[in-house]
Structure formats: structure tokens, C-alpha cells
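Subject: Structure handover and what was found

Hello,

Here is the structure you will be taking over. Please open it alongside this note.

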Amino acid sequence: MSRMVVAIGGNALDVHSGGQQSQLEQAARSLVPLITSGNEIVLVHGNGPQVGIIHSTMLDAQQHGIGDGAPFYDCTAMNEGSIGWHFEQAIQRELEREGRADIPVCTVVTRVVVDADDPAFKDLEKPVGAFYDEATAKKLMQETGHKYAEDSGRGWRLMVASPVPKHIVEAETLKNLAASGTVVIGAGGAGIPVVRTGQNTYEGIEGVCDKDITSGLIAQLIDADLLIILTAVDRVSINFGKPDQIDLSMLTPDEAEKYIGEGQFPPGSMQPKVQACADFVRSRPDRKAVIANLNKAGYALTGQTGTIITNDAVSA
């Protein structure tokens with residue numbers, strides 16, 4: 001039995017044509033064997049596309065005289081509830097099919113403490129929302145004054161602040177629920193970024209934390225054995241998208257840091273995944289992390305696909 005944090009990328013949860021629900025159902029099917037084996041599990045999901053769409057919708061409503069819009073931290077809270085609800089349903093349906101309807105599942109709205117002076121509030125680098133072609137993105141920049149940038153060859157997206165998570169307010173709650181046998185969905189969308197205003201009081205701050213860095217921090221705070229990051233690619237790659245692309249099956253934290261230093265991984269997508277795994281694995285000798293495709297999670301957990309990060313890995 002292991003205690004683990006499983007992170008699912010927002011970009012892997014297609015927001016169109018019911019794709020998100022089918023992806024959640026696929027994730028649930030992959031996770032059920034882990035759950036029924038008695039592991040303590042905390043699930044974290046991203047919301048990069050979704051939170052941007054919610055924010056744009058609220059802004060559009062404001063421009064049409066309906067409501068006052070919403071800051072990104074409110075949009076993240078909305079999405080924590082929305083995706084959490086659908087994920088709970090998908091997991092519980094799969095558990096019932098396996099004759100384990102007795103296992104509870106719950107979503108915890110989670111606050112992530114950040115530093116109000118984080119440089120990220122001046123250097124916007126977190127891509128969120130829908131993908132646009134270059135011409136459309138530049139037109140939106142002129143009209144709104146917001147920053148847009150190209151994201152890993154997939155199109156242009158809105159860029160927002162992504163402050164570094166410093167603490168998880170509900171970390172002990174997540175740990176205790178998981179230890180009690182509850183499957184916990186926590187820090188959805190990387191959690192709600194907040195700043196401390198008192199001994200135990202907080203207020204939201206505009207921005208979107210990174211789901212992978214948040215997941216790695218949670219994994220450390222709850223003393224997890226394993227960090228699994230499920231995304232939209234099969235493996236971590238160097239020279240991504242080039243003729244000499246190399247897919248990596250194994251990595252050590254030192255190798256990961258070397259590739260990060262070489263600029264091999266885009267800052268708003270693969271870099272935080274690799275960094276979170278390297279930091280987590282380095283924090284205790286026997287810890288392991290895996291980065292793999294959401295649709296192949298079951299194979300990744302048995303080592304048949306994905307990139308495994310351990311302190312004694314041998315690179316492929």
C-alpha cells in the first residue's frame with residue numbers, strides 16, 4: 001500500500017464535444033485498481049483551458065451588462081467544484097461496477113498560499129484558455145491589452161501570472177481524509193491562490209498556480225511515496241517536435257535539472273511537470289514519480305509507458 005498524489009493535466013481534459021467527461025471516465029477506470037488495492041490517493045486536476053474559458057465567459061457577460069465578471073481565483077474555485085463533481089461521479093460509478101461502492105470520494109476546495117511579491121505577477125507566463133491562431137491572438141492583444149503567446153506549437157493562448165505555491169492550507173485535511181480511506185480530489189485547477197492576511201485568514205489574489213508544482217508540494221506535505229502526473233503525451237521528450245526528438249523512459253533528478261537548464265521543456269507546460277517530479281523524488285531517497293499519458297495510465301503504472309523519475313534511474 002502506498003500514499004500517492006495523482007495529477008491530471010487540464011489540457012488532457014478536452015473541453016469540447018463531451019470529451020472532458022469521457023476523459024474523466026477513462027481516468028477513473030485507470031485509477032480504480034489503485035484505489036481498490038488500498039492505496040491512499042489524493043487526486044489533483046488542472047484547469048488551464050477551462051479556467052480561461054470561464055474567465056472569458058464572465059468577462060463577456062460583464063461587457064453585455066450581466067454581472068461584474070470574475071477574477072481568476074474565483075474562476076478556479078468554480079472549476080474546482082465543476083470538475084470535482086464530475087470526477088467524483090465518474091470514480092464512484094467505476095467503483096460500484098467493481099463492487100466497491102463502500103469507498104467514499106470527496107472534493108475539497110483548496111487554498112494555496114503564495115507570496116504577494118512573487119515576480120510572476122510581473123512576468124506573465126502561464127498559458128490558459130482557448131487556443132488561437134497568431135492573427136487572432138494579436139488582434140485580441142490590441143483589443144484587451146492582455147498578453148498572448150504561442151504555446152508549444154499548439155496555438156496562441158492568454159498568459160497570466162503563475163505564482164509559486166508556498167503552502168497548502170488544507171494539506172492536513174487532504175492527508176487525514178486519504179488516510180481514512182477516502183479518495184480525495186484536492187487543489188483542483190492547482191488550488192485557489194491566496195495571500196495570508198492574519199494568523200489563519202486569507203484573501204484571493206489574481207493569478208493561476210501551476211497544477212504540477214502544487215501537486216508536488218502536496219505530495220511532500222502529506223508525505224506521499226509516489227507522484228504521478230498524467231498529461232496529453234506518452235513520455236517526456238527532448239528536442240520535442242524536431243527530427244531528432246528523443247523520448248525518455250527514465251530520468252534522475254540531476255538529469256531532469258540538466259535538461260531544464262538547456263531549455264528543453266516549455267516553461268508553461270512540460271517544465272513544471274519535470275521540475276515538480278525532480279523536487280519530489282530528490283526530497284526522499286525511495287520516492288518515485290511518473291509522467292505519462294492520461295489514456296495510458298494503467299500501463300504507465302506498470303512501467304510499460306511513461307517516463308519514470310527516480311534517484312537511481314538509468315536514462316533510455
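Predicted model: local features only at pLDDT ≥ 70, side-chain atom pairs only at ≥ 80, totals over all residues.

Residues are numbered from 1 along each chain as its sequence is written, and side-chain values use heavy atoms, with hydrogens and water left out.

**The eight-stranded sheet**

Eight strands make an open sheet with mixed pairing. Their order is β3-β9-β2-β1-β12-β16-β17-β15. Strands here are DSSP runs of E with at least two residues, helices are runs of H or I with at least four, and both are numbered from the N terminus. Two strands pair if DSSP finds at least two bridges between them.

The edges are β3 (105-108) and β15 (250-251). Each has a single partner strand, so one side of each is left without a neighbour in the sheet.

Look next at β1 (residues 3-8). It pairs with β2 (residues 40-45) in the parallel sense, over six bridges. V5 stands opposite V42 in β2. M4 has I41 of β2 as its bridge partner. β1 also pairs with β12 (residues 226-231), again in the parallel sense, over five bridges. There, V6 has I228 as its bridge partner.

How many of the six residues of β1 are buried? Six of the six are, so β1 is largely enclosed by the rest of the structure. Buried means under 20% relative accessible area, exposed means over 50%, and partly exposed is in between (1.4 Å probe, protein chains only). Both faces of β1 are covered. R3, V5 and A7 are buried on one side, and M4, V6 and I8 on the other.

**The three-stranded sheet**

An open sheet of three strands has the order β5-β7-β6. Its pairing is antiparallel. The edge strands are β5 (126-132) and β6 (148-150), and each pairs on one side only. Neighbouring strands are turned by 40 degrees against each other on average, direction ignored. Axes are lines fitted to C-alpha atoms, for helices over the stretch in contact, and angles run from 0 to 180 degrees between N-to-C directions.

β5 and β7 (residues 156-160) pair in the antiparallel sense over four bridges. K126 has V160 in β7 as its bridge partner.

**Rings and a charge**

The count of aromatic pairs comes to two. Rings of Phe, Tyr and Trp (its six-membered ring) pair if their centres lie within 6.5 Å; planes under 30 degrees apart count as stacked, over 60 as edge-to-face and the rest as tilted.

Y132 lies in strand β5 and Y148 in strand β6, so the pair ties together parts that are 16 residues apart in sequence. Y132 is partly exposed, with a relative accessible area of 28%. Y148 is buried, at 10%.

The rings of Y259 and F265 have centres 6.4 Å apart and planes at 75 degrees, so this pair is edge-to-face. Y259 and F265 are both buried.

R157 lies over the face of F131, at 4.4 Å from the ring centre. The rule for a charge over a ring: NZ of Lys or CZ of Arg is within 6 Å of the ring centre and within 35 degrees of the ring normal.

**A helix pair**

Helices α7 (residues 253-261) and α8 (residues 270-282) pack at an angle of about 150 degrees. Their axes are 9 Å apart. α7 and α8 are therefore roughly antiparallel to each other. Angles under 35 degrees count as roughly parallel, over 145 as roughly antiparallel, 65 to 115 as roughly perpendicular and the rest as oblique. α7 passes α8 in a left-handed crossing. Left-handed means that the near helix is turned anticlockwise from the far one by less than a right angle; clockwise is right-handed.

**Two loop residues**

A187 has a phi near 50 degrees, a positive value in a residue other than glycine. A187 sits in the loop between β9 (183-186) and β10 (192-196). A187 is buried, at 0% relative accessibility.

N239 is not a glycine either, yet has a positive phi of about 55 degrees. The loop that holds N239 runs between β13 (236-238) and β14 (246-248). N239 is buried, with a relative accessible area of 18%.

Best wishes
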